[in-house]
Amino acid sequence: MEAAGKEEISVEDEAVDKNIFKDCSKIAFYRRQKQQLSTKSTYQALLDSATKGKDSTKFQILNEATKVPLLAEVYGIEGNIFRLKINEETPLKPRYEVPDVVTSKPRTVRLISSSGDAGSLVLADGKGDLKCHITANPFKVDLVSEEEVVMSINSLGHLYFEHLQVPLKKRRRMDEHGENFNKEIENTKRTHQLKDKITEMRNTLEGISRLDDAEEEISNLEDRATKENKEDTSVDASQENQEDLGLWEEKFGKFVDVKVNGPASIGLDFSLHGFEHLYGIPQHAESHQLKNTGDGDAYRLYNLDVYGYKIHDKMGIYGSVPYLLAHKPGRTLGIFWLNASETLVEINTEPAVKYTLTQMGPVAAKQKVRSRTDVHWMSESGIIDVFLLTGPTPSDVFKQYSYLTGTQAMPPLFSLGYHQCRWNYEDEQDVKAVDAGFDEHDIPYDVMWLDIEHTEGKRYFTWDKKRFPNPKRMQELLRNKKRKLVVISDPHIKIDPDYSVYAEAKEQGFFVRNHEGGDFEGVCWPGLSSYLDFTNPKVREWYSSLFTFSAYQGSTDILYIWNDMNEPSVFRGPELTMQKNAIHHGNWEHRELHNIYGFYQQMATAEGLIQRSKGKERPFVLTRSFFAGSQKYGAVWTGDNTAEWSYLKISIPMLLTLSITGIPFCGADVGGFIGNPEAELLVRWYQAGAYQPFFRGHATMNTKRREPWLFGEEHTRLIREAIRQRYTLLPYWYSLFYRAHMAAEPVMRPLWIEFPEELNTFGVEDEYMLGSALLVHPVTEPKATTVSVFLPGSNEVWYDSKTGTYWEGACTVKIPVTLDTIPVFQRGGSIVPIKTTIGKSTGYMTDSPYGLRVALSTKGSAVGELYLDDGHSFQYLHQKQFLHRKFSFLSGVLTNSCADKRGHHPSKCVVERVFVLGLKKQPSSVTTHSSDGKEEPVVFTYCTTMSTLSLEKLSLNIGADWEVHIK
């Protein structure tokens with residue numbers, strides 16, 4: 001790695017030409033596996049070798065060409081999950097198996113085995129409605145549910161497993177000392193035998209009637225001798241082919257990736273029967289529904305720092321979750337491919353053919369052919385370790401995945417407010433002025449952010465003494481307004497013996513090493529840097545300790561953390577990241593675990609913030625790089641997007657994909673990180689961001705300042721209104737995150753999750769549900785005057801959240817829009833809790849009153865819930881200090897009752913307003929009824945034209961049981 005010296009590192013080091021990133025044709029293991037497909041190497045399961053252990057059934061799989069066995073293990077896991085592991089039976093050394101992602105050892109269920117037809121084995125769960133049908137020759141696994149094959153494994157014969165090999169240098173030495181000698185003996189023997197045969201035949205020519213036949217046989221033998229000699233030199237001849245296939249060395253640009261144990265890639269195919277709609281495998285700037293891939297166009301999972309990434313592209317960007325879902329009416333499935341190395345996924349859908357002619361005896365019969373989607377996973381190294389999530393419903397699959405990888409951490413309430421960021425707020429005075437600007441313009445916000453320039457020369461855990469001479473005083477200013485501060489902490493550590501973080505890590509051997517054994521050195525924002533090895537538990541423990549108040553001078557308990565550049569980003573490295581043969585804890589190469597590096601940094605950061613509070617306070621950590629399970633540690637965002645309408649539009653499917661793959665706390669930089677948004681785009685982005693889980697405005701350096709009040713009074717008003725709508729809905733947001741935390745329900749949902757039987761929802765990605773109650777259709781086109789909104793559900797009714805206008809479902813409606821319109825619709829049958837007054841930040845709203853928006857279904861009923869706790873501590877978990885209330889409206893009675901009797905949390909808050917949509921008849925009276933039998937009349941307003949009822953000036957305690965009777 002070339003030294004950075006004293007040269008200035010700038011954004012240009014990150015904003016590189018996209019040609020420095022690989023496409024599939026440049027990835028050697030992809031080329032090898034695709035080449036192999038043409039030769040059709042088959043595997044056979046040796047089912048006679050099957051043994052049944054406490055947790056799994058094991059059997060050998062044999063490659064018919066090489067005769068080298070693999071070991072397969074099939075597990076049944078609680079909650080309708082199957083696990084298949086395939087590894088070398090006797091590897092040269094252990095192969096990497098991803099640790100720390102699966103939350104604890106999953107509880108297995110005993111699979112009952114029975115032999116099927118000849119050459120097959122059937123493994124069934126205890127209930128018998130799920131079966132694994134294993135066929136021996138060729139090896140195939142069918143997943144059968146209620147006698148229907150829903151998934152087949154290796155039915156296309158794409159199982160691929162490269163065995164670890166003795167290092168080339170070692171092998172060459174062995175050749176020199178032994179193998180060449182043996183070969184020479186064999187060659188000599190063979191050549192002499194052939195010569196003897198030729199001589200013998202020449203000597204008997206006189207006795208042969210047809211001389212030309214004999215001459216031809218001699219000629220053939222001579223050719224064979226020549227050919228065999230040529231084959232002995234084939235190792236040298238195929239050197240060029242070896243290089244092309246990247247077996248021992250893989251070249252890309254000026255970089256050479258040396259593979260000590262040779263190629264080690266794996267692959268396997270899955271056929272999903274009856275499925276045409278697949279989702280997941282983030283992160284890509286692509287549509288929500290996965291597309292078919294052509295040759296050289298696979299979805300790539302490889303965490304990379306791609307500044308201003310291309311949209312509608314399958315290249316890997318900041319994070320990877322190797323997990324996809326397949327959905328059709330009546331069934332949802334999941335495939336979780338637990339592998340942290342570079343991974344490629346090919347998808348091919350064969351649509352249903354209504355009828356195909358099949359010859360059955362003398363009569364041609366018509367036979368219906370189901371659709372099928374084939375998924376081909378390929379990874380550079382590791383083992384095959386795949387979890388099959390059998391559903392059958394979307395929520396079942398979400399629970400199954402969260403059982404394996406954990407649910408979303410319960411966020412502190414402040415983190416659901418609005419965040420203000422840029423690279424960079426200049427100094428303490430700048431922070432003070434921006435903070436004051438929000439108050440002057442009556443715009444609520446919760447968190448101020450500081451990027452890398454707040455540090456002393458990009459040394460994390462320090463402060464620039466000129467710009468931020470008194471960071472504690474700055475934090476007190478924010479604390480007085482019940483606000484927080486987030487600062488950045490990246491994984492690269494400036495090489496500087498006088499920098500205590502570097503010196504301590506260096507002394508303890510806490511950095512990733514290069515393949516020669518020294519510390520890996522790469523260029524990033526500070527210049528020449530070393531990279532902490534977060535895969536080492538001791539490094540994580542040490543890093544966590546850096547967040548204590550005594551270690552992190554100038555920090556206070558309102559300071560939280562942002563992990564950036566943790567793919568890891570290495571300027572001037574191959575694809576702007578770390579060399580694959582760098583060495584981590586346990587002597588594992590970086591190639592084995594690249595995609596999990598950022599996951600480990602966020603884990604250590606979150607743990608550090610928890611330890612800082614002695615286990616009492618919830619952390620908040622935003623990470624750019626992520627993996628399956630990152631939801632346990634905080635939030636993620638979509639990285640360095642651009643201030644263009646197309647990036648606003650693509651943010652919706654990107655966030656939907658993250659949401660359904662276990663990471664609900666996600667967002668996109670409002671306004672676009674790169675470039676200068678026009679006022680209309682900025683307004684529309686605030687309107688969209690207010691209805692997305694993580695809500696932060698951010699901009700890169702050298703862009704124009706874009707605080708919400710800098711675009712004229714009218715645009716300030718519109719942005720203020722969007723942010724205030726966010727704060728109004730905070731009780732609903734917080735309740736949704738509680739559901740995500742406890743039951744793995746996504747917060748932001750594609751329509752197909754709420755309407756799983758309706759085919760016309762399966763491809764929708766320009767609108768989405770927030771929970772089950774609100775449908776949001778952000779405006780993503782410039783100068784729009786109308787938007788076409790699809791309102792699903794033939795038995796549904798939908799109400800415009802702003803006007804109260806209602807429509808029946810299962811139709812597309814053209815909604816007129818102006819710049820102040822945010823198309824949001826409340827679903828009939830839902831009750832949404834809101835706050836009726838807005839404070840400067842969430843901290844000011846603790847005791848402010850609630851309102852209930854009741855939207856009646858076609859049957860005149862509605863339900864909803866509210867979750868409430870102190871908003872910041874773990875007492876909801878350890879001391880059950882929370883309130884969980886259930887609201888219902890039925891037969892003219894609105895009821896507030898307890899949804900979880902385990903919880904207790906005193907609250908002064910009252911419900912002061914109730915607004916009912918869809919009440920067809922004007923009431924004659926409205927009364928409240930408390931649990932002690934007290935009855936009081938209520939003044940009400942009824943609108944006949946809109947069928948709405950408004951109740952004001954109520955004082956009903958949120959934590960008490962009560963009823964409102966409407967007669």
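**Reading cavities, helix contacts and backbone in a predicted model**

Q: The second largest cavity is lined by 15 residues, but which of them lie nearest its centre?
A: Those nearest its centre are F398, S659, G662, P664 and A744, out of 15 lining residues. Bear in mind that this is a predicted model.

Q: Which helices each supply at least two residues of the lining of the second largest cavity?
A: They are α6, residues 394–405, and α13, residues 645–660. Of the elements involved, α6 gives the most, with three residues.

Q: What classes of residue make up the lining of the second largest cavity?
A: Seven are nonpolar, seven are polar and one is charged.

Q: Which strands contribute to the lining of the largest cavity, with at least two residues each?
A: These are β12, at 249–252, and β13, at 255–258. The largest share is that of β13, which provides three residues. By class, the lining of the largest cavity contains six nonpolar, three polar and five charged residues.

Q: Turning to helices, how do I read the angle at which α14 and α15 cross?
A: Look at how close the two axes come and at the angle between them. For α14 (residues 679–689) and α15 (residues 713–728), the axes come within 8 Å and cross at roughly 10°. α14 is therefore roughly parallel to α15.

Q: Which residues make the contact of α14 with α15?
A: From α14 come A679, L682, V683, Y686, Q687 and G689, and from α15 come H715, L718, I719, A722, I723 and R726. The contact has eight nonpolar residues, three polar ones and one charged one.

Q: At roughly what angle do the axes of α15 and α16 cross?
A: The axes of α15 and α16 (residues 730–743) come within 5 Å and cross at roughly 55°. Because of that angle, α15 is oblique to α16. R726, Y727 and T728 of α15 make the contact with L730, P731 and W733 of α16. By class, four residues of this contact are nonpolar, one is polar and one is charged.

Q: Where do the axes of α10 and α12 stand, at what distance and angle?
A: Helix α10 covers residues 537–545 and helix α12 covers residues 597–612; their axes come within 8 Å and cross at roughly 45°. So α10 is oblique to α12. The crossing of α10 past α12 is right-handed. On the α10 side the contact involves R540, Y543 and S544, and on the α12 side Y600, Q601, M603, A604, T605, E607, G608 and Q611. Four residues of the contact are nonpolar, five are polar and two are charged.

Q: What should I look for in the backbone itself?
A: Most residues other than glycine have a negative phi, and most peptide bonds are trans. Departures from that can be picked out one at a time.

Q: Which peptide bond has an omega near -5°, and is it cis or trans?
A: The bond from N137 to P138 is cis, with omega near -5°. P138 sits in the loop between β8 (130–135) and β9 (140–145).

Q: What is the omega of the bond from G391 to P392?
A: Its omega is near 15°, and the bond is cis. P392 belongs to the loop between β23 (384–389) and α6.

Q: Is the phi of E147 positive or negative?
A: It is positive, near 70°, although E147 is a residue other than glycine.

Technical notes:
Residues numbered from 1 in each chain as written. Predicted model: local features only at pLDDT ≥ 70, side-chain atom pairs only at ≥ 80, totals over all residues. Heavy atoms only, no water. Helix = DSSP H or I, 4+ residues; strand = E, 2+ residues; numbered from the N terminus. Nonpolar A, V, L, I, M, F, W, Y, C, P; charged D, E, K, R; others polar. 1 Å grid on protein atoms, 1.4 Å probe; cavity = no way out; pocket = protein on both sides within 12 Å on 5 of 7 lines; lining within 4 Å. Axes fitted to C-alpha atoms, helices over the stretch in contact; angles between N-to-C directions. Parallel < 35°, antiparallel > 145°, perpendicular 65-115°, else oblique. Left-handed = near helix turned anticlockwise from the far one by under 90°. Contact = heavy atoms within 4.5 Å.
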